[in-house]
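Notebook open, viewer loaded. I want to look at the ligand site and then at one helix pair.

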Amino acid sequence: MEKRQQLYEGKAKKVFATDDPQLLIVSYKDDATAFNGQKKGTIKGKGVVNNRMSNRLMQLLEKKGVPTHFVEELSERETLVKRVSIVRLEVIVRNIAAGSFAKRYGIDEGKVFAAPAVEFSYKSDALGDPLMADDHIPALGLATPEELDYIRATALKINAFLKEFWADCGVTLVDFKIEFGKTADGSIILADEISPDTCRLWDSATGEKLDKDRFRRDLGGVEEAYAEVMKRLEEHEG
Ligand code: 5GP
C-alpha cells in the first residue's frame, strides 16, 4: 500500500490518499482542541491511544455485525480505512446525564437514564455543531428516513456492546459521539473514531473521569487518564 498526498488535516487526524482509490490512510495526532477549536493543546501519546483503541473496538464491533471503515492497522498512529463520504451528523448516545445535556437542562451530571438517549447534531464547525430535530435531517438531505433508522438502530447496538465491554474493564460508558460514512456502493458504515476524545468514560469504582473532559475542564492528569483506559482495555483483551 503506497501512501500518497495528504487530502485533509483535521483537528486530531490527517488523512492521506493511497494508490487504491477506495482506501485512505488516517494518521492520529496528539493535538487536542475543545469548544469548537477555541481551546488548543497537546496530549502526549493521545494519537497512539486513539488509533489503537478505535481499531480494537471497531474490530470487535465488526464481529458483532456492525460494518466499519477499519481495514488494517499500519503503525501505532496510522490505519488503513475505507474511503467514505462522511454523513454530516454527529450521532450521540447518552446513558448518563453529562456535558451539554446536563447544561441544557440545568441538572447535575450523573443521572442514570432508564434507557439510552440518541441525539443528532449537524456536523458544522462554522455553526458549532447545532442540535437537530430528527425531521430536519431528511429535510436538509443529510440522510433518508431509512438511512436515519439504520443509523439510530446501529448507534444503539454499538452502545449496548460498548457499555458492556467497558463495564467489564471497570469503566462506565457515560456517552459518546460517532460518525457514519457512505461507501461508493451506497452502504452506510461506522467511520471516524471511538476513543477517549469521543467518549465519556468514568472509573466505575471512583467516578474519576478518564477521558477528554480532563483536558476540556483543566482537571490535570490527561495523559495518565488516556493511558489508564488503554491499559484497562488491553488487560481485558489479555
Ligand atoms: P456533549 O454534547 O455532552 O458535549 O458530548 C456528548 C458526547 O459526545 C461526549 O462523549 C463527547 O466527547 C462527544 N462529542 C460531542 N461532540 C463532539 C465533538 O465535536 N468532538 C468530539 N471529539 N467529541 C464530541
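Predicted model: local features only at pLDDT ≥ 70, side-chain atom pairs only at ≥ 80, totals over all residues.

I checked the handedness of the crossing between helix 1 and helix 6, and it came out left-handed. The two axes, helix 1 over residues 46-63 and helix 6 over residues 222-237, come within 10 Å and cross at roughly 35°.

Next I listed who touches whom. Helix 1 brings Lys 46, Val 49, Asn 50, Arg 52, Met 53, Arg 56, Leu 57 and Leu 60. On the helix 6 side I found Tyr 226, Val 229, Met 230, Leu 233 and Glu 237. I sorted this contact by residue class and got eight nonpolar, one polar and four charged.

Then I moved to the ligand. Which residues sit closest to it? I noted Arg 94, Ser 100, Asp 175, Arg 200 and Arg 216, out of 15 residues that surround the ligand. By class, the shell splits into eight charged, four nonpolar and three polar residues.

I went through some polar atom pairs. The side chain of Asp 175 puts an N or O atom 2.6 Å from a ligand oxygen. For Arg 216, a side-chain N or O atom is 3.0 Å from an oxygen of the ligand. Glu 90 has a polar side-chain atom 3.2 Å from a ligand nitrogen.

How much of the ligand does the protein bury? I get 80% of the 490 Å² that the ligand exposes when taken alone.

How values were computed. Residues numbered from 1 in each chain as written. Heavy atoms only, no water. Near = heavy atom within 4 Å. Polar contact = N/O pair within 3.5 Å; in protein donor to acceptor, adjacent residues only side chain to side chain. Areas by Shrake-Rupley, 256 points an atom, 1.4 Å probe, with all protein chains shown as cover. Nonpolar A, V, L, I, M, F, W, Y, C, P; charged D, E, K, R; others polar. Axes fitted to C-alpha atoms, helices over the stretch in contact; angles between N-to-C directions. Helix = DSSP H or I, 4+ residues; strand = E, 2+ residues; numbered from the N terminus. Left-handed = near helix turned anticlockwise from the far one by under 90°. Contact = heavy atoms within 4.5 Å.
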